[in-house]
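Hi,

Here is the structure I promised to pass on. Have a look at it first, and then read my notes below.

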Amino acid sequence: MLNPLLVARCKQHRVVLAIAFLIIFPLLMPFKAIAVNILIYGLFALGFNMLFGTLGLLSFGHAALFGGGAYACGLVMLKLGLPWYVGILGSVLAGMLIAATIGAFAIRTRGIYFAMVTLALAQCLYFLADQATDLTGGENGLRGVDLKTIQLPGMTLNFVDPLTRYYVVAFFVAVALFVLSRILASPFGAVLEAVRENEARARACGYHVRMVRYLAFILSGGFCGLAGALQALHLSIVPLETLAISNSGLVVMMSLLGGMGTFFGPFVGAGIFLLLENLVSLWTVHWQIFVGAAFVACVLFFPRGIWGTILMGRGR
Amino acid sequence: MSDIILSAQSVGRTFGAFRALSGISVDFQRGKLTSIIGPNGAGKSTFFNLLSGAFPPSEGRIVFEGRDITGTPQHKFAALGIAKSFQITNVFPQLPVHENVRVALQALVSRYQIWQPRSSLPELADKADALLATVGLTDRRLRAAGTMAHGEQRALEIAMALAANPRLLLLDEPTAGMSPEETKAMMDLIVKLASERTVVLVEHKMKLVMGISDRLLVLHHGELLAEGTPDDIRHNDTVKRVYLGQREH
Amino acid sequence: MDGITPDLLALQLFTGLALGAIYVLLALGMSLLFGMLTVVNFAHGAFYMLGAYAGVLLLSIGVNFWFCLLLAPLLVGSLGLLCERFLIRHLYGRGIDYPLLLTFGLSYIMVEMVRILFGTQGLPFDTPDALQGASDIMIGYFPTYRLFVIGVAIVVVVALWLFLERTPYGLIIRAGARDPQIVRILGIDVARVWLVVFGIGTGLAALAGLLAAPLQGASPEMGSSILAEAFVVTVVGGMGSLVGAVVAGLLVGVVVAMTSLVAPEFAQVAIFALMAIVLLIRPQGFFGRAGLMS
C-alpha cells in the first residue's frame, strides 16, 4: 500500500512528474520513432479522454479532429507558405472549429446516438477530403509537410535528428498537459465533475449541461488538433486514413486500454498499444486481429483499463 | 411586491393517453409555507415537477413573480430565484460534501472560467462553510457525499438548494425514507428555512405537515380537491372522506 | 442540367430504391438490435461483409445462388448467436457503451479473419445468370438484378412484420422490448429471446451484404464504409423504429441516387447533409421516441 499522502502529493504535482518522465522516456526506448508516436497518440487519447473519461460522452468521430488538425497544419505550411509554428496554431484552431461544427449537431443527441452521429459526421469529412483532391491530395495524402530545422534565438534545432524531434514533440505535449491540468483545476473543471457525477443536479444548480458538454467537446478538439499537427510534422505527410473510422477506433481503444477518466491513462494506453503493435507486426501482418482481441478482452475483463486498475488497486 | 409569489393557472399534464393532472389553478403566497398533500397517485409529484420546471405543462401557465415561466429550461431556474430538492436523493456522490455546496454556489458566479484555479474564488468556500453550518453538516465537510447517511444527504441537498439564495424553495417529500429522528431534524430545519423564505413542500404524510404549514393543498386523482389553512382542511368533509378515511385511519 | 429527362429521373429513382433496399435490410437489423436489446452493433458492417463472403464460399463449393440467399444469412446469423451467447450477454446492464465497444473490437477480428482466409484484395461476385440483363419496367429498361433486390427487401419486410405482429414469438419479442421485467415475470426466458433477436439482426445484415455483392463485389473493407451509412439511416428513421428503418433506408437510397445524377462527387456527402438537417429539425428522427435522446 502506498502512503495516501504521497499519492495526493503526486497528484498535485502530476504535471511536473509527467515532464520529468517525458525527459527520460526516450532514453528507455530502443526506437525513438515509437516514442514520438506514443506521445502523439497519447495526446490524441488525452483529448478524447477529456470527453469520454470526464463527461461520459463516447465520440466515434475523433479522427475528424485529429485529421483536421493534421491537414490544417499541412495546408498552412504548403498552401499558405507560413512557418511550422503557425501551422501548429492553425491545427489547434482547426481542431476546435471542426469540433464546434460536429458538436453543434452531435451535442443535441446523447449516449449511443452521440457515438453514431459523431462517426457519421467524421466520415462525411473523410469523403470531403477524398473529393477535394486539389487541396488535400485525395487518396495520395497531403505530401511534403517537411520540417528540417527549427530556428530558435541563438540556436538551430535539427528536426531530422530523432532525439531532437522527440524533445520538440515532448515540449508541445508538456504544454498540453499543463493546459489540461489548469482546465481540470479551474471552476470549469469543477463543473465538468459535477455534470459527470449528476446531470440533473448540475442542471438544478443552474448549469447549462448541454453548453458545458459543447465547450468540453471544443476544448477536446484543440488537443486532438495539436496531436494531428505533430503527426503531420513527424510523418511529413498527411495520409487520408488519418480521417478514417479506424483512426477514431484506435483512440477509443487506447483510452480503454489505459483507463478512462484518468490523467495518465491515455498515455499508458497509447504506449502499450503501439509497443504491442510493433511487436506483433514483426511476427505477422495480421496484427489487427490482436487489436480486436485486445479490445474485446479489455471490455470484458479490464473495463477500467490498465492504469485505472493500478490506481484502483491503490485505493485511489 | 405582490404577495403572490407563484401561481399555477389552469395547468394540466398528460403522459400519452394518461391524464396525470388537470385544470389546477393555485396561488402561492409569499413568505408562507404551503404543503401539497394527497394520497398516492394524486398527481403531487407531477404538480411539483411542473412547478419546478422539470417538464412543461401540457396546458396552462406557470407565473413566478408576475413573469410567465412556462417552459423555461431547468438550468435557468436558479437564476430566477427558485430552487428545488429532489424526491430521490440527488447529490454529487463522489465529490466531497464541501465541494458539492461550493459547486452549487459557483453556478451563480463562474460557469465557463477555464484558466484560474478554483481557489481564485475563496468567498465561495466560505459561503459553503456557512451553508453547511446552517444544515448541521460542518463536521462532514470532507466526506464523499455519497458515503453519508440518507438523512445527511437530504440535508446536503437542502444546503445546495439554498446556495442560490432562492426566494422560493420547492421540496419534494424531504423526509421520504428517513428515520423518526432524521424526520424530526428535517422538519425543524424546514421550519427554520420557512421563516426566511417561501417554501412549497410536497408531502405524503399529512400528519407531518399539519402543524407547520400555513396553507395546504389537497390533490386527488389529478385534481385540486381542497385548499386552505390546516384548520379548513381538517374540517373539510370531502377531504376527510377521500384522504383521511382511506389512509390515516 | 441538359439530358435529365423525366424517364431518366424515374429510372434513377429505381436505382435509388434498389440501393435503399440494401440500407433497409441493414437498418432493420440494427434497429431490431437496438430496440430489443439496446445494443448498438458496431460490428453490423462486419456481419454485412461476412454475408458477402459467405456467398463467395458457398458458390465456390457449388451451392447455387438461391440456396445461398437462405444459407448465408443462416450461417452468419449463427455466428451472431455465438457472439451474443458468449461475449455480449455478459455486458447487459453494464451501460450502453460496453456492448458498443465490444462489437467494435469484434469487427476488427472478423475483417482480419476474412483477410487471412480470402486475401486482402476484393473478389468479384457474378450476378446469377437468371438475373442478368435488363427488364422493361414501362419507363425504360432497368437491370433485372436491382429489381430482384427490391423484391427481396419487400418480401423480408413483410415476413418480418408478419413474424413480429402475428406470431406468438413476435409478441414475446415486442413485449420484451417494451419491458423485459414483465416478460421475465411471465416466466419467459428473456435471454433466449434476445439470442434469437441477435441472430435475426445479424442474419439480416448478412443478407444485405450478399445482395450487395453482385453490385460491388466482396471486399474486407466493404463493411466499414456502409456502417456509417447504416447509422445515418438509423438516426434519420429513429432509433429502434422498424417503420423508420424502412422509410429512411429508401429515402437515403433515393437521395444518393439523385445526387449522383446531378453531382456524383457529392453523393456520399449528401446523406450526411440529410442527417444533419434531420437532427436539427427532429433530433429523435422520423419515428423515434423523443425520450431516448435525453
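Let's start with a pair in chain B: Phe15(B) stands opposite Phe18(B), which belongs to strand E2(B). Strand E1 (residues 4-15) of chain B runs alongside E2(B), and the two pair in the antiparallel sense over 8 bridges. Helices and strands here are DSSP runs, numbered from the N terminus, with at least four residues (H or I) for a helix and at least two (E) for a strand. Two strands pair if DSSP finds at least two bridges between them.

Before I go on, some housekeeping. This is a predicted model, where local features need pLDDT of at least 70 and side-chain atom pairs count only at pLDDT 80 or more, while totals for chains, interfaces and linings use all residues. Residues are numbered from 1 along each chain as its sequence is written, and chains are lettered from A and ligands numbered from 1 in the order in which they are written.

Back to the sheet. It is an open one of 4 strands in chain B, in the order E2-E1-E4-E5, with antiparallel pairing. Strand E2 (18-29) and strand E5 (67-68) of chain B each have a single partner strand, so they sit at the edges with one side lacking a neighbour in the sheet. Helix H1 (residues 44-51) of chain B packs on the sheet and touches E1, E2 and strand E4 (59-64) of chain B. The direction of H1(B) makes about 120° with that of E1(B), using lines fitted to C-alpha atoms (for helices over the stretch in contact) and angles from 0 to 180 degrees between N-to-C directions.

As for chain B overall, it has 9 helices and 10 strands. Its C-alpha trace spans about 60 × 40 × 40 Å along the principal axes. Buried residues (20 or more other C-beta atoms within 10 Å of their own, C-beta atoms being placed from the backbone) make up 43% of the 249 residues in chain B.

Is Leu171(B) buried or exposed? Leu171(B) counts as buried, because it has 28 C-beta neighbours inside 10 Å. Leaving aside neighbours within four places in sequence, Leu171(B) is in contact with Ser85(B), Ile190(B), Val199(B) and Leu201(B); contact means C-beta atoms, placed from the backbone, within 7 Å.

Now the interfaces. Between chains A and B, 22 residues of chain A are in contact with 28 residues of chain B. On the chain A side, helix H8 (162-185), helix H9 (187-197), helix H10 (199-205) and helix H11 (209-235) each supply at least two residues, and H9(A) gives the most, with 7 residues.

Chain C meets chain A too: 35 residues of chain C are in contact with 34 residues of chain A. Among the helices of chain C on that side, H4(C) provides the largest share, 14 residues. By class, this side of chain C has 25 nonpolar, 6 polar and 4 charged residues (Ala, Val, Leu, Ile, Met, Phe, Trp, Tyr, Cys and Pro count as nonpolar, Asp, Glu, Lys and Arg as charged, and the others, Gly among them, as polar).

Finally, confidence. The predictor gives the complex an ipTM of 0.81 and a pTM of 0.85. Chain C averages a pLDDT (the predictor's confidence in each residue, from 0 to 100) of 87, and 96% of its residues score at least 70.

Cheers

Definitions and conventions:
Contact = placed C-beta atoms within 7 Å. Buried ≥ 20, exposed ≤ 12 C-beta atoms within 10 Å, placed from the backbone.
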